[in-house]
Amino acid sequence: MPVIQFKDATFAYTPGVPVLDCVNLEVRDGEFLGLIGPNGGGKTTLLKLLLGVLKPDSGEVRVLGRLAHTLGRDRRLLGYVPQDVSVPKQFPATVFDVALMGTYATLGLFKRPGKAERDATMEALDHVGLKGFEERLASNLSGGQQQRLSIARALVARPKLLLLDEPTSGLDTGGQSQLFAMLKELRALYELTVVMVSHDVTALAHYANQLACLNKTLHWHDRSELISEAVLRKVYACELDAFFIQHREHLREFHGDTAPAGHANGPHCEH
Amino acid sequence: MSFLELILTTPLIRNAMIAGALTGVCCACLSPLVVLKRMAFVGDGIAHASYGGMGLALFLMSSAGFYSIEVQLATLAFSLVLGALIGYVTRRPDGLEKLGEDSVIGIAFSVCMALGALLIKLRQARAPQSIPSIDVFLFGSMLNIGWTDIVLLTLALGAVMFMLFALNKELLFYAFDARLAEISGVRAGAIHYIFIMLLVLTVTVSARVVGIVLVSATLIIPGAVGLRVCKRLAPAMAIAALIGFVSFELGVYASYALNVPPGSAIVLIQFAFLPLAPLLKKRDALG
């Protein structure tokens, strides 16, 4: 059973102007899907459909075999790291308190975190390299540390699926490499399926099993190497010439001189 | 006669002290969350809008007096309905297209006050019974506090304390990031409505006693001080409650000793705590 399954999923905020059109996608257990695409291409909308915050207008979105918008409290099986991970200035919670929030949905109303939840929190903080920071005010952490804290919070409930929305956007090159290396370890430790939205095609090509390009329609292939420059160019259209100048060399380095032809899984559903 | 003897022998002063303590603690306990959620204007809006409920109740129940329990309960019912609407708008700003939540609350605030003033005037024309001026609504009347006020305030404080204790972890996550809380599987929507309803209950019951101006101040200042002093929410609430209690008791005493309006004294005492906050903060390497 695929962990994620989109079947002809279409979504529009304004009727008649679809943001996502006939999206088909399957991600199997333990895989790492990199999702790229231009701004406004629907990446965040696709994540919202996965999280069950939005419901597709037609088609279906299944997570762990269930319709995503019916997950309810089982959303805890999805660890989510939002794009903006900054803790409000002087928010009255320590690093430990924030990471512990990830266990709240598993506890339900009126129950307080016990030893198991506290141990899981300490373990997650250790795994993301924040051991020793537990008693610090969360808002006093650096941007990179706050992001690792957000990942720890997403992991403490032992999710099956980790969704990250542009986690590399606020990081320098060193921070990005560290993040990808850490995710590789966490995937193995927590047996995670990962979906990451990012503009960092090079890094995703290295780490992801699948790469999908989204600009209203979705182009994807099971092997990230098979996404060609031609497909990327089609998806990003003319606005991203600069993007290609920046990444062409990386793609060549990765694919060899001639990039293989990509598989375009465009719209084919009937409305 | 000392002030203590006066409290023991004069029911009006005693009631003012008890109601002051209950109001101060009740509003102040919620104030750190009001400050964190940037809901100061929501609290203020609900407080002012409850005047519409009071006007409606007085108009519909022409034999009921300003201080009667029927009017108080009807005002509370009106405020709870309004609170549910405000809860909807503040949760889904897209619910009312092209109007921000501050505009919606501002409209509710002024329309309800206008409605209240109009209906009270019509009621006075129909049944010429003495109804206190709007000053009483704005600044309260601590010398007209009866047992019903104290019972209602005690119930409100009980509800606030119970919810803050029972839902402390959900309220913390809600204050941190309501959307993330919801995505994580916490019922942030229910928590949002519960919080707004607690706010409505507290504000409406307290405003009758101490006036809406004082309620608005007590929903902000003690919380702002508590959050500057503490690095966790529960101690910040405790500090805020203490400031609420002390300021109301001292304020009522100052009103007696210096012959000044109690509301003014209470707000100024609360305000005096703000510059003291950095001094109260424990200097530690971790904070």
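## A helix pair in chain B

In this predicted model, helix H3 (residues 40-60) of chain B packs against helix H9 (residues 188-210) of chain B, with an angle of about 50 degrees between them and their axes 9 Å apart. H3(B) is therefore oblique to H9(B), and the crossing in which H3(B) passes H9(B) is right-handed.

On the side of H3(B), the contact is made by B:Val42, B:Gly43, B:Ile46, B:Ala47 and B:Ser50, and these meet B:Leu199, B:Val200, B:Val203, B:Thr204 and B:Ala207 of H9(B).

## Chain B as a whole

Chain B contains 13 helices and zero strands, so that its elements, read from the N terminus on, run α-α-α-α-α-α-α-α-α-α-α-α-α. The radius of gyration of chain B is 19 Å, close to the 19 Å that the globule rule gives for 287 residues, and chain B is therefore as compact as a globular protein of that length.

Taken along the principal axes, the C-alpha atoms of chain B fill a box of roughly 60 × 55 × 30 Å. Of the 287 residues in chain B, 49% count as buried, and among the contacts in chain B with a separation of 6 or more, 76% are accounted for by residues 24 or more positions apart.

## The contact between chains A and B

The contact between the two chains draws 23 residues from chain A and 20 residues from chain B. On the side of chain A that touches chain B, the residues divide into 13 nonpolar, three polar and seven charged.

## Positive phi values in chain A

A:Asp8, which lies in strand S1 (residues 4-14) of chain A, has a positive phi of about 45 degrees although it is not a glycine. Because A:Asp8 has 17 C-beta neighbours inside 10 Å, it counts as partly exposed.

A:Gln90 is found in the loop between strand S6 (78-81) and helix H2 (95-100) of chain A, and its phi is near 60 degrees, a positive value in a residue other than glycine. With 13 C-beta neighbours inside 10 Å, A:Gln90 counts as partly exposed, since a residue is called exposed if it has 12 or fewer such neighbours and buried if it has 20 or more.

Notes: Residues numbered from 1 in each chain as written. Chains lettered and ligands numbered in written order. Predicted model: local features only at pLDDT ≥ 70, side-chain atom pairs only at ≥ 80, totals over all residues. Contact = placed C-beta atoms within 7 Å. Nonpolar A, V, L, I, M, F, W, Y, C, P; charged D, E, K, R; others polar. Helix = DSSP H or I, 4+ residues; strand = E, 2+ residues; numbered from the N terminus. Rg over C-alpha atoms; globule rule 2.2 N^0.38 Å. Axes fitted to C-alpha atoms, helices over the stretch in contact; angles between N-to-C directions. Parallel < 35°, antiparallel > 145°, perpendicular 65-115°, else oblique. Left-handed = near helix turned anticlockwise from the far one by under 90°.
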